[in-house]
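This report describes helix packing, the chain interface and selected backbone features of one model. The sequence and structure are shown first.

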Number of protein chains: 2
Amino acid sequence: MSLFEKHGADCADIEGVDNYNACYGGTAAFLSTMDWVNSPAWDGRWGIVVCVDIADLNAQQAFLNGASAVAMLVGPDAPVVLAPERASHMIHSWDFYKPVGWKDSFPLMRDGKYSIECYMGCLDGCYKSLCNRVYGDEATGRAPAPDLAPEAGGTGNLVRDHGYFVNHCTSTYLCKRAFKRVCENAFTEGGVAGDGVNGGGKMTIRLKEQLDLYTAKAEPTTLLTKRIGSSYTASCYTNLYSLFATVKEALVGKKVVVYSYGSGSASTMYRLHVNALPKMDMGIFERLDKRVVHEPDSYLEMIDAYSTGTYGRFGFKPKDWGGKQAGVYYLTEVDEWGVRTYEQQS
Amino acid sequence: MSLFEKHGADCADIEGVDNYNACYGGTAAFLSTMDWVNSPAWDGRWGIVVCVDIADLNAQQAFLNGASAVAMLVGPDAPVVLAPERASHMIHSWDFYKPVGWKDSFPLMRDGKYSIECYMGCLDGCYKSLCNRVYGDEATGRAPAPDLAPEAGGTGNLVRDHGYFVNHCTSTYLCKRAFKRVCENAFTEGGVAGDGVNGGGKMTIRLKEQLDLYTAKAEPTTLLTKRIGSSYTASCYTNLYSLFATVKEALVGKKVVVYSYGSGSASTMYRLHVNALPKMDMGIFERLDKRVVHEPDSYLEMIDAYSTGTYGRFGFKPKDWGGKQAGVYYLTEVDEWGVRTYEQQS
């Protein structure tokens, strides 16, 4: 809040606090902010959604660590528009979590296969519910979304009807598997293939066609993650950023399906209409080229210094590892009472 | 989520995750849920807001510990209606907080005077901004709220124009001070008295009248807190419950101002119109009479068992202290991996 306070007391009239649920927090904040802008309480101001996380893995997985933060402005007449119909799938699971008071800062993921089942089961649930909402539902008398009605060209197939698919992923391989799962749901005789945690069905299209669809509709979303690793709650939005920075003008007029997943498990699938490109730094890939390369040993030393070396530690100033960039905020101190101080590099 | 899952996979399409910010979390969840019901994404279902917290104080303050949980249904045609105009005040403060990885589970409040200043400064900020919104603002051309326009009988004085004032409080004494602060803002020559953390101004009414106003407009909100202690994020809603359970039918047609505060600091002041009484257990005071009385020694032993005795402890089953009530969920185990299991008492 100190960033707002310095502009005067009037700037303290802000709504919204932290939304937490593993990798889903960013999406929770995004949807809450969208709802606020649509509510009678909204008074014309911008909403700001910040997705940022501490991805912090143990020594065996240290090279999967990633980092990313995405901030989004939310308001009317936006270049990218959220469609009103969205679907969520929430289940009780212990796939990946951090117990309060645990001995270290690393998440517990005791069964990798189970964690993938939770992710895919939620994807199936969201897919099924979203299709119900956007293609209409005779049982409840729900009409299809205007852009997906048969007269508007809707085919009833979510993959055919949308240009791009953004998935939450902890690695680009998971993005690939997630898109395949969407295809298993979309190209199955009789409609929906997935039934929760029990896996997808056989596809009515050949694997080659499925891979071509991946290359066209999903791969451009993975190019940042490929270079920076897993970014947890920022993952979906990092992947969306990758899509914009890669496809650029060709995205205008297209529709994007986003699947966000957080362990625990909370998940939502929603759709975006791209009316114009958002204003953002399109030179992100060039900026990544300027990163400083560290050898594994020094990388591990730095990773250890910010995770094991600081968890439950108070009364210290972080070591300056060099390479600080102008305009970026850095932690300068954690005092003996846990008060954290940040300063902007000049 | 397990409560929903047992009703079938269709019941997994739920939105919303935990909202955290000290005692403000309940209000953040309430406002988010209100916004969802007002958004184009809403599909006619109820929202459920659950405010619950772990009030956990060190040995010196153990007798200030309280406990309470409030659940609210949010939907259309409600007996109690949220007015669209609301005001928030957010500041950067370290008045009361729990550092991650701290040696114990108790909050740090290193300066009691400063924490009160944060609370009162936010109250002043919310008050000023809310008055701007509900009484109109010539500078920005904002019209007054329909119920507070001069032709509707609005006097321009928030205290005169509203029947009741609910404040977040950690003790009933803080509720009393907060209401006095509202009066210092409302009954000051020239308008607003408070200027942030620098204290309220002199009142144009006598202290006797201010105390009569407290008795009439605020005291009925404190009767539950008086008996159960501080309930943190549930505080405002416990106090609202107290108001309904005490004033009952006489509340219908009245307007209520709610001030919610959470350390850090996040705060909002909003207004409710009571069109009818909500459906709730009006026999709460009689139920409290049935509580089991414990002597200080056994009380301290129980408090210690659930705070110091469990923080950072894994692989145990809680002791059964007796007195379990039918229908209530109790923690039955925390396993060696931090997985918590709850069971409903039959």
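Between chain B and chain A, the count is 6 salt bridges, where a salt bridge is a side-chain nitrogen of Lys or Arg within 4 Å of a carboxyl oxygen of Asp or Glu. The model is predicted, so local features need pLDDT of at least 70 and side-chain atom pairs count only at pLDDT 80 or more, whereas totals for chains, interfaces and linings use all residues. Residues are numbered from 1 along each chain as its sequence is written, chains are lettered from A and ligands numbered from 1 in the order in which they are written, and side-chain values use heavy atoms, with hydrogens and water left out.

**Interface and salt bridges**

One salt bridge joins Asp13(B) to Arg133(A), with 2.9 Å between the closest N and O atoms. The contact between the chains (heavy atoms within 4.5 Å) takes 54 residues from chain B and 54 residues from chain A. About 4500 Å² is buried between chain B and chain A, and carbon and sulfur atoms give 57% of this area. Buried area here is the accessible area (1.4 Å probe) that two parts lose on being put together, summed over both. Val17(B), Met90(B) and Trp337(B) supply 14% of the area that chain B buries against chain A, more than any other three residues.

Over all chains, a search of the whole structure finds 32 salt bridges. Side chains of opposite charge can pair when their charged atoms come close. Within chain A, Arg181(A) forms a salt bridge with Asp124(A), the closest N and O atoms lying 2.7 Å apart. This pair links distant parts of the chain, with Arg181(A) in helix α4 and Asp124(A) in helix α3, 57 residues apart.

**Helix packing**

Helices (H or I, at least four residues) and strands (E, at least two) are DSSP runs, numbered from the N terminus. Axes are lines fitted to C-alpha atoms, for helices over the stretch in contact, and angles run from 0 to 180 degrees between N-to-C directions.

In chain A, the axes of helix α3 (residues 112–134) and helix α4 (residues 172–186) come within 10 Å and cross at roughly 40°. That angle makes α3(A) oblique to α4(A); angles under 35 degrees count as roughly parallel, over 145 as roughly antiparallel, 65 to 115 as roughly perpendicular and the rest as oblique. The crossing of α3(A) past α4(A) is right-handed, a crossing being left-handed if the near helix is turned anticlockwise from the far one by less than a right angle, and right-handed if clockwise. Residues of α3(A) in this contact include Asp124(A) and Tyr127(A), and those of α4(A) include Arg181(A) and Val182(A).

The corresponding helices of chain B, α3 (residues 112–134) and α4 (residues 172–186), pack at an angle of about 40° with their axes 10 Å apart. Therefore α3(B) and α4(B) are oblique to each other, and their crossing is right-handed.

Helix α4(A) also packs with helix α5 (residues 207–217) of chain A, at an angle of about 120° and with the axes 10 Å apart. These two helices are therefore oblique to each other, and the crossing of α4(A) and α5(A) is right-handed. Among the residues that meet are Phe179(A) and Cys183(A) in α4(A), and Leu211(A) and Tyr214(A) in α5(A).

The table gives the contacts by class. Ala, Val, Leu, Ile, Met, Phe, Trp, Tyr, Cys and Pro count as nonpolar, Asp, Glu, Lys and Arg as charged, and the others, Gly among them, as polar.

| α3(A) with α4(A) | 9 nonpolar residues | 2 polar residues | 3 charged residues |

**Backbone features**

Most residues other than glycine have a negative phi, and most peptide bonds are trans. In chain A, the peptide bond from Gly264(A) to Ser265(A) is cis, with omega near 5°. Ser265(A) occupies the loop between β7 (255–262) and β8 (266–274) of chain A. In chain B, the bond from Gly264(B) to Ser265(B) is cis, with omega near 0°, and Ser265(B) is located in the loop between β7 (255–262) and β8 (266–274) of chain B. Lys248(A), although not a glycine, has a positive phi of about 50°; Lys248(A) lies in the loop between α7 (235–247) and β7 of chain A.
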